[in-house]
Amino acid sequence: MKNEQSLHISGAEAVIRCLLAEGADLIYGYPGGAIMPIYDELYKFSDQLRHVLTRHEQGATHAAQGFARTSGKVGVAMATSGPGATNLVTGIADAQIDSTPMVCITGQVASHLLGSDAFQETDIIGISTPVTKWNYQITKASEIPKIMAKAFYIARSGRPGPVLIDITKDAQFEFFDFTYEKCKGIRSYQPVPAMDMAQVNEAAAVINAAKQPMIVWGQGVILGEAEEEFKDFVERSGIPSVWTILGLSALPTSHPLNMGMVGMHGNYGPNLLTNECDVLIAVGMRFDDRVTGNLATYAKQATVVHLEIDPAEISKNVHADYPVLGNCKESLLALTKLVEHKPLEEWRARFASYMETEYETVIKGDTLPTKEGLTMGETIVAINKYTGGDAVIVTDVGQHQMIACRYAEFIRSKSNVTSGGLGTMGFALPAAIGAKMGAEDRHVVAVIGDGGYQMTIQELGTIFQTGTAVKIVVLNNDYLGMVRQWQQLFFDKRYASTEMTNPDFVMIAKGYNIDAKRVSERSQLDAAVKEMIASDKPYFLEVCVEKEANVFPMIPTGASVSDIRLQ
Amino acid sequence: MSETTRYTISIYTENNIGLLNRISAIFLKRHINFLSFSTSQSEIPDVFRFIIVVKMTESGVKKIVQQIEKQVDVIKAFYHTDEETIFQESALYKVKSSYLFEERQIQNIIKDSHANIVTVSPEFFVIEKTGFRHETEKLREDLVPYGLLQFVRSGRISVTKSAMGISEILNNFNNQNND
């Protein structure tokens, strides 16, 4: 890949050429003083590289994340120094905990001003260190090619994550002889641990001896692009499989061995049977506390097999009796060859039986309500109906997120975009913009609560300016619903600062020239969703839902997965 | 709670600005204090070595070392018990020169402790002592009655009894990338 002849160019131009060499032709950002030389080059390269101006730097990071999640590529966000850089931090932290490949480029004051409390100077390297996979401050133009190559390599390899590159303004102006070579390896960094066949053999023996095995899969299956290998493993072994919120969509919803979600608002059977399975096979997941509940009572009876790319996740929260290190694309393939098929009829019937209970007590009321008042669940069902269960569903954080993940149907991977680990309200609207740009031929529906929507509502301006055809569904209950639910259940209904006096959302959307509609009656819902999905333009739909509905099942914080409540 | 032990964490790293911050953040996040910290060049050119002493459970130190090793610029990290390492600390003691000549006892203290006199000036002299904590501490206590002007003790430095294999890691990388 090495360019034979070098170009005598500025650091700023070099940054653009590095981005192009890495295949990053779409970036999200916001200009400002310390990054103006790079923006000047963006202007010159606008035929090759598209820059999307978000309305806030946080929006740029979430858009880059959304793009990364649907396209599988590295998302790129750009901002100026000082407040521009600090505004990126929430998105960076979100990408770090959800393993999203992202490169953030920030401008910095000139190197001779570093440490002088100069205008818009901030120590973004210090600030971003705990929430980045890697970061680096460039003070000389000659460092740019090598560091940019490293940034993309680190962001996308192994367990992906965010990288921040801070470039002083003088390094952007400085001229140097540019050549570019892609990074192929870093001596201190082993992105994918070598798979050990001995570990695979041991794991296979344990799985073959199991009477009541259960698979829990996470986003590792999607990040490792191992969906086919995973499906083969599940079908070959016949083992009932359940997902974490970020694993959602890696296996189609309708797959007979897809038994639902684990965790705080997951399905009844998967949570209860976690504490009854004899072998728990974790694939590309990290035993987050929202999945495990109380660790002291989590799957204590089970032998744990853990397929994982990140050695630091082995036995971090749950002891792995049989770790299998490596990319699960490789280890699943090896394991599938060794596992025997088992019908496991009785065991599978137990999942079905619990699902029946959950259907009668929870799901029916959520999705086919007969009582007055629209539900979040029936809205998701309508979206399924008109998208053929093949939309990218982007969610924010809260009740609507849990309901959407519980009831949305998927037939393709990379279709669920949500803020999992960090739980960032305000994620969905900008993430949906990126998600649509990363999957232009698909329906992208952002399902958002009225609280989170207002945290990044200004990104309607980005949608207006770019004409990105995202469909925005705000499930409005005039409350911060999840917090209100907790206040009802655990704080004796003391609704401290959770009620919201909301603006006219339809009028706001129309102010941005976005087609908009509000529904508050069941009779209007179906037609409104149909119209929204049929539109080839951005569309806003406000659904006024029941104000004090709760999300069930639920495992209270600190309780055991066995203590899951249906009401 | 499981029992806590003193562990020496050895970290081999690239010499990158900000890495100290990145490593200390891992401890900060888990509310763990360093008992001692030192850093220097290692046996390999361009490779640095951090020595951090902590008191924690073995499962805790194991997880910390996994998190440290996960950092891109960290080549390898290890943890060892005191028994598995050879370790020392150095201390400097500054005392008024007049005592050296007027107090016969001070000469005995220096001799008995196997300390070295680093420098003598008309105003003060400086003693250096390298050893275990209790040895440098004993000397400090012995010198206090004579008006210790200044005292400082370094972080622990240590080497392990077992091999670290860092050169092998780097050689393997070089071989793979020269294929």
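**Entry 1: sheet with β9 to β14, chain A**

I looked up the strand order and found an open sheet of six strands, β11-β10-β9-β12-β13-β14 of chain A, with parallel pairing. The model is a predicted one. I noted the edge strands as β11 (258–261) and β14 (322–325) of chain A, each of which pairs on one side only. From one strand to the next the twist averages 20°.

I then checked the β10 side. Strand β10 (residues 241–243) of chain A runs parallel to β11(A) and is joined to it by three bridges. Opposite A:Met261 in β11(A) I found A:Trp243.

Which helix lies across β9, β12, β13 and β14 of chain A? I recorded helix α9 (residues 197–209) of chain A, lying across β9 (213–217), β12 (279–283), β13 (303–308) and β14, at about 135° to β14(A).

**Entry 2: sheet with β15 to β20, chain A**

I looked up another sheet of chain A. It is open and has six strands in the order β16-β15-β17-β18-β20-β19, paired in parallel. Its edges are β16 (416–417) and β19 (515–519) of chain A, with pairing on one side only for each. Four bridges link strand β15 (residues 392–395) to strand β17 (residues 444–449) of chain A in the parallel sense. I picked A:Ile393 and found its bridge partner in β17(A) to be A:Val445.

For the helix on this sheet I noted α16 (residues 376–387) of chain A. Helix α16 lies across β17, β18 (471–476) and β20 (539–544) of chain A and runs at about 160° to β18(A).

**Entry 3: helix pairs in chain A**

I took α11 (residues 227–237) and α14 (residues 328–338) of chain A; their axes come within 9 Å and cross at roughly 25°. Angles under 35 degrees count as roughly parallel, so α11(A) is roughly parallel to α14(A). I logged the crossing of α11(A) and α14(A) as left-handed. On the α11(A) side I listed A:Glu229, A:Phe230, A:Asp232, A:Phe233 and A:Arg236, which meet A:Lys329, A:Leu332, A:Leu333, A:Leu335 and A:Thr336 of α14(A). This contact of α11(A) with α14(A) has five nonpolar, one polar and four charged residues.

The contact uses A:Gln58, A:Thr61, A:His62 and A:Gln65 of α3(A), with A:Thr90, A:Gly91, A:Ile92, A:Asp94 and A:Ala95 of α5(A). I sorted the residues of the contact of α3(A) with α5(A) into two nonpolar, six polar and one charged.

**Entry 4: domains**

I noted three domains for chain A: domain 1 (7–178), domain 2 (197–351) and domain 3 (374–544). The C-alpha centres of domain 2 and domain 3 of chain A are 30 Å apart. I found 12 residues of domain 2 of chain A in contact with 15 residues of domain 3 of chain A. The domain 2 side of this contact in chain A has seven nonpolar, three polar and two charged residues.

For chain B I noted domain 1 (5–86) and domain 2 (87–153), with C-alpha centres 31 Å apart.

**Entry 5: chain B against chain A**

How many residues of chain B are in contact with chain A? I found 17 residues of chain B in contact with 17 residues of chain A. Elements of chain B giving two or more residues to this side are α1 (19–29), α2 (58–70), β4 (74–81) and α6 (166–177). The chain B side that touches chain A divides into six nonpolar, five polar and six charged residues.

Definitions and conventions:
Residues are numbered from 1 along each chain as its sequence is written. Chains are lettered from A and ligands numbered from 1 in the order in which they are written. This is a predicted model: local features need pLDDT of at least 70, side-chain atom pairs count only at pLDDT 80 or more; totals for chains, interfaces and linings use all residues. Two strands pair if DSSP finds at least two bridges between them. Two residues are in contact if their C-beta atoms, placed from the backbone, lie within 7 Å. Axes are lines fitted to C-alpha atoms, for helices over the stretch in contact, and angles run from 0 to 180 degrees between N-to-C directions. Angles under 35 degrees count as roughly parallel, over 145 as roughly antiparallel, 65 to 115 as roughly perpendicular and the rest as oblique. A crossing is left-handed if the near helix is turned anticlockwise from the far one by less than a right angle, and right-handed if clockwise. Ala, Val, Leu, Ile, Met, Phe, Trp, Tyr, Cys and Pro count as nonpolar, Asp, Glu, Lys and Arg as charged, and the others, Gly among them, as polar. Domain bounds come from an automatic or database domain assignment.
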